[in-house]
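Hi,

Here is the structure I promised to pass on to you. Please have a look at it first, and then read my notes below.

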Amino acid sequence: MAEVEKPELVTAVDEAALEATFQARVDAETRVEPRDWMPEKYRKFMVRQISQHAHSEYVGMLPEGNWITRAPTLRRKAALLAKIQDEAGHAAYLYSAAETLGTSRDQMLEDLHSGKAKYSSIFNYPTLTWADIGTIGWLVDGAAIVNQVALCRTSYGPYARAMVRICKEESFHQRQGFEIITTLAHGAPEQKAMAQDALNRWWWPALMMFGPHDADSPNSEIAFKWKVKRQSNDDLRQRFVDMTIPQADYLGLTVPDPDLKWNGETGHYDFGPIDWDEFWRVVKGDGLCNRDRLDARRSAHEDGAWVREAALAHAEKKRAAKSAA
Amino acid sequence: MACSIPLPPPGHPRKYPEMGGREGGEGWNRRQKKATPMNASADHNDALFRYLLRLGDTSHILCHRLGEWCGHGPIMEEDIALTNVALDLIGQARLFYQYAGEVEGKGRTEDDLAFLRPERDFNNLLLVEQPNGDYAKTMARQFLFDAWNLLLFRALERSTDARIAEIAAKAVKEITYHRRHSSGWVIRMGDGTEESRTRIVAAFEQLMGFTAEFFHMDDVDRQMAEVGIGPDLESLRDPWMADVEAVLAEATLDWPTATWSVLGGRHEGRHTEHLGYLLAEMQSTQRQFPGLNW
Amino acid sequence: MTTRKEWPLWEVFIRSRDGLHHKHAGSLHAPDAELAIQNARDLYTRRSEGVSIWVVPSARITASEPADKDSLFDPAASKVYRHPTFYTIPEEVTNI
Ligand SMILES: [Fe+2]
Ligand SMILES: [Fe+2]
Ligand SMILES: [Fe+2]
């Protein structure tokens with residue numbers, strides 16, 4: 001994904017024609033590739049979306065990383081390490097995909113660190129017990145999978161390819177989480193209570209992961225037009241609820257929603273209203289962990305600067321020595 | 001003072017002074033019994049059990065330290081690399097703990113051994129319990145260990161104990177890679193920038209004194225060496241020093257000047273104060289909720 | 001901190017099994033070729049996806065221009081005689 005666009009000189013007329021051709025190709029389900037002409041707005045939109053997604057994978061390592069050192073068994077510890085490692089991999093794939101659009105990873109990280117760029121707000125919630133680790137795998141990775149499967153056919157080629165790879169890896173994440181929760185839900189009373197408490201805390205934030213109602217989602221229209229997304233936030237959320245409730249039933253856990261009930265007419269579960277005020281409060285900074293998450297990312301980057309510089313300096317010395325020889 | 005081991009600078013004859021004989025101590029954790037004709041095989045089993053715990057503990061504690069880096073590394077590619085090393089180590093630890101549990105024959109599982117033993121019963125190397133510090137300290141610790149561990153496991157591949165030989169055969173491939181990764185970083189840091197050089201030099205000064213434990217034999221080690229289960233650790237010293245010297249040379253670094261050295265963890269469960277906190281955290285879930293499945 | 005230089009980008013190609021071509025897997029950042037190989041191993045072969053790795057500095061790749069697509073690739077479309085189905089062989093003739 002080396003390709004970075006070349007500056008092109010186009011007149012306004014050309015621009016309109018190019019845009020028409022671009023849209024026709026998108027409509028014909030032809031993937032957009034890095035060096036293809038694309039509207040500047042599309043480029044910006046994709047950089048924003050892909051980098052936000054990358055930031056979410058990267059920041060998403062932190063709440064689960066919080067339990068690596070306290071995982072209760074060696075088997076769980078190994079699985080958790082492997083899972084979090086995958087998330088770093090996902091971040092790397094996604095940053096690369098965004099880089100093909102001409103924005104450097106450093107630039108994207110700087111936007112993250114300055115607070116300019118967002119990441120999924122779910123990661124601003126704390127992991128308080130081991131059950132949170134199971135619940136994150138089950139619900140958060142579960143919701144992410146629903147979102148990401150939908151993105152495997154997104155119009156930008158490198159993003160779609162990254163999604164295909166990520167989706168393959170994600171299924172183990174959800175299963176390891178569900179296995180943890182199953183063990184707890186079917187375990188001792190205090191374990192079951194732990195599982196229920198985690199579900200109580202993570203259920204609504206997980207539903208919020210699909211984003212605001214489409215009517216309140218300013219970018220939805222353009223995203224559909226460019227085939228960046230193909231299903232509405234509400235449709236995906238509904239699919240997630242429909243998939244997840246039977247799993248909660250199997251576990252004998254109760255979703256914290258008094259309005260939740262099966263609707264035989266629609267063939268879906270009806271669920272209660274989402275507290276969007278809470279969502280926006282957390283997005284804007286009032287989550288328990290917003291500051292900790294950003295501090296962790298910033299200091300890792302700052303503390304690592306000398307390491308990255310040393311490696312470059314060494315490579316430079318080697319190159320110089322080689323060309324002198 | 002008995003175990004002050006000044007390491008010679010490169011080019012000097014590579015020889016440690018003989019180390020003080022502390023290994024006979026009466027640490028309460030020591031399972032070794034005086035061999036009597038009656039329980040010679042029980043004695044062998046005890047020694048083997050202890051030997052396996054040392055291997056398992058060392059792998060697990062280092063895995064744990066590397067796990068602390070996950071999500072906090074200098075660049076995401078290194079997060080991934082370090083986690084891979086951690087995963088190899090935990091895999092090795094589990095195999096040793098499982099075998100140890102079988103040898104002991106009291107029905108203890110890998111998790112019982114990892115999560116329910118107290119600090120004084122842990123027999124990891126002191127080196128691997130040292131806090132991560134900066135990336136230089138983590139890489140210096142890793143390289144000193146990897147270089148030794150590779151030699152150890154190459155020897156264990158030839159163990160007369162088929163199970164150990166099998167574990168080692170798999171692990172040698174992993175450790176070969178670990179050494180490649182960590183030695184590369186030592187070289188990049190030593191021959192990188194002024195800052196990286198200062199940091200890696202400081203790291204080796206802080207850590208070299210813990211390597212005395214690599215080569216120090218006690219009764220358990222001798223017993224294992226006698227029956228060909230493990231190597232004479234003393235025999236690893238020359239090849240280890242040669243390897244470390246070569247990498248330091250490529251990193252344009254001198255052998256550390258620090259002359260102190262300590263023993264205690266691997267043989268006697270006498271640790272630095274860092275291990276207690278590590279274990280308190282690591283064992284907290286199991287300790288808060290005793291006897292449950294997870 | 002933007003003044004600091006980023007590790008360069010490398011393209012990674014993986015041979016998934018002996019007997020197959022190396023195939024583009026993605027890209028990564030590394031300061032040198034050795035670490036590029038190591039990072040590629042950890043990033044793209046964690047699930048036994050490979051037996052061999054190539055890494056190439058992204059900056060060293062020359063790619064064809066998308067604008068040249070028509071002139072580069074369309075002319076091949078009319079050369080149907082390059083395909084075996086272009087030729088008529090009597091039905092009674094076999095093994096050809
Ligand atoms: Fe994720
Ligand atoms: Fe992910
Ligand atoms: Fe995931």
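**Two helices in chain B**

In this predicted model, helix H6 (residues 162-190) and helix H7 (residues 194-207) of chain B have axes that come within 7 Å and cross at roughly 125°. Axes here are lines fitted to C-alpha atoms, for helices over the stretch in contact, with angles running from 0 to 180 degrees between N-to-C directions. H6(B) and H7(B) are therefore oblique to each other; under 35 degrees counts as roughly parallel, over 145 as roughly antiparallel, 65 to 115 as roughly perpendicular and the rest as oblique. Helices (H or I, at least four residues) and strands (E, at least two) are DSSP runs numbered from the N terminus.

On the H6(B) side, the contact (heavy atoms within 4.5 Å) is made by B:Val186, B:Arg188, B:Met189 and B:Gly190. H7(B) brings B:Ser196, B:Arg197, B:Ile200 and B:Phe204. By class, that gives four nonpolar, two polar and two charged residues. Nonpolar covers Ala, Val, Leu, Ile, Met, Phe, Trp, Tyr, Cys and Pro, charged covers Asp, Glu, Lys and Arg, and the others, Gly among them, are polar.

**Chain A with chain B**

This contact takes 46 residues from chain A and 49 residues from chain B. About 4,000 Å² is buried between the two chains, with carbon and sulfur atoms giving 68% of that area. Buried area is the accessible area (1.4 Å probe) that two parts lose on being put together, summed over both.

The rule finds two salt bridges across this interface, a salt bridge being a side-chain nitrogen of Lys or Arg within 4 Å of a carboxyl oxygen of Asp or Glu. B:Asp191 forms a salt bridge with A:Lys317, and their closest N and O atoms are 3.1 Å apart.

On the side of chain A that touches chain B, H4(A) gives the largest share, 14 residues. By class, that side has 27 nonpolar, eight polar and 11 charged residues.

**Chain C with chain B**

Here 13 residues of chain C are in contact with 11 residues of chain B. The two chains bury about 1,200 Å² between them, 52% of it on carbon and sulfur atoms. Two salt bridges cross this interface by the rule. C:Glu34 forms a salt bridge with B:Arg180, with 2.6 Å between the closest N and O atoms.

Strand S2 (22-29) and helix H1 (33-44) of chain C are the elements that give two or more residues to the side touching chain B. H1(C) supplies the largest share, eight residues.

**How the values were made**

Residues are numbered from 1 along each chain as its sequence is written, and chains are lettered from A and ligands numbered from 1 in the order in which they are written. Local features need pLDDT of at least 70, side-chain atom pairs count only at pLDDT 80 or more, totals for chains, interfaces and linings use all residues, and side-chain values use heavy atoms, with hydrogens and water left out.

Best wishes
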